[in-house]
Amino acid sequence: MKHLPLQSRYYSELLNYYSRHLERIGYSTGTIKTLPAPVREFFYHLEQIGLRNIEEVTPKIITGYYQRLRERPCHGRPGILSDSMVHAHIWALRILFSLMLSEGRIVTDPLGMLSFPSPIKKEREILSSDEIEKLYHASETLLDKAILGLFYGCGLRKSEVQALNLRDISFRSRLLYVRSGKGKRRRVIPFAGRVAEDLKSYYYVERVRMLRKNNDPEKENAFILNKLGDRMLGSSFWRRLRYLVLKAGIENPGRITLHSLRHSIATHLLHSGLSVEQVRDFLGHTSLDSTQVYTRITWNMLITCEKDIAIPLQ
């Protein structure tokens, strides 16, 4: 909803101020880009119900808006907003009202006394090595295999794949550099032979054809390009994975997301004998607690006699 038109100059300027605030206090680039959209949608809602000033917002209005979010259709996929997306909208508003209160623009925070349920964390969806191979067999283009190589073979997050530039990949040393991951953390990721071949094939063949469609020097830096020669964005990655999952005939396709590939490689690496510390560094986690979740998943696979998981990357 980042393109919703705001009629009020007051709300437009307040939205710009909010964006600058996020940048000023050091939020990541991804957060700076995504958080203003929920705030814009909230301002649009206030205009629709006739509120022209942030001071007029009450807890009752917030509660009503929360219920509206719970029923709003999602524009990126079928169905309504997920619990996590609703939570993200409310989080964006908490930052907004905290800013307004600290600068004396409001007397009380209408969200201060309100509490909403936290989203229930879903069990991580893990694909077996057989399902990963099915995705590779379903691939129709070199781009498809490059996408699988980055999300599965390198365990990257969506934002990290979007931001990936040519200078971030060394084919000679088979290393990938994440310049600014979650929390602005940097890391270096080694990639296996199969991933290297897939990335090189995409780079030297398909990417060259895509690059001819634009003359923008900035776009030339992006590693993954779309059909128009522009930097590929998250929604395009998701749609392509969805297509491959359906084509591969994987059971319960709705459970699989881009992040499922990251979960899968983490579990497979642990199962193949890598230490928790090594997998932590590979994923870019700050603490072992985040990585140790996968040790439980791996153990559950073993005790339920799941077939051996061999990483199909060499």
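Axes are lines fitted to C-alpha atoms, for helices over the stretch in contact, and angles run from 0 to 180 degrees between N-to-C directions. The model is predicted: local features need pLDDT of at least 70, side-chain atom pairs count only at pLDDT 80 or more, and totals for chains, interfaces and linings use all residues. Residues are numbered from 1 along each chain as its sequence is written, and side-chain values use heavy atoms, without hydrogens and water.

The chain has 14 helices and 3 strands. These are DSSP runs, numbered from the N terminus (helices: H or I, at least four residues; strands: E, at least two). Of the 314 residues, 45% count as buried, meaning under 20% relative accessible area with a 1.4 Å probe, protein chains only.

The axes of helix α3 (residues 36-48) and helix α4 (residues 59-71) come within 12 Å and cross at roughly 115 degrees. From α3, the contact (heavy atoms within 4.5 Å) draws on P38, E41, F42, H45 and L46. From α4 come I61, I62, Y65, R68 and L69.

The largest nonpolar core has 49 residues. Such a core is a set of buried Ala, Val, Leu, Ile, Met, Phe, Trp, Tyr and Cys residues joined through side-chain atoms within 4.5 Å. L135, L150, L176, F223 and I224 have the most contacts inside this core. Helix α7 (142-153) is among the elements that give two or more residues; α7 gives the most, with 7 residues. I224 touches L143, A146, L150, Y202, D230, R231, M232 and F237, not counting residues up to four places away in sequence. A second, separate core of 35 residues includes L6, Y66, L93 and L96.

Technical notes. Buried < 20%, exposed > 50% of the residue type's maximum accessible area, 1.4 Å probe, protein only.
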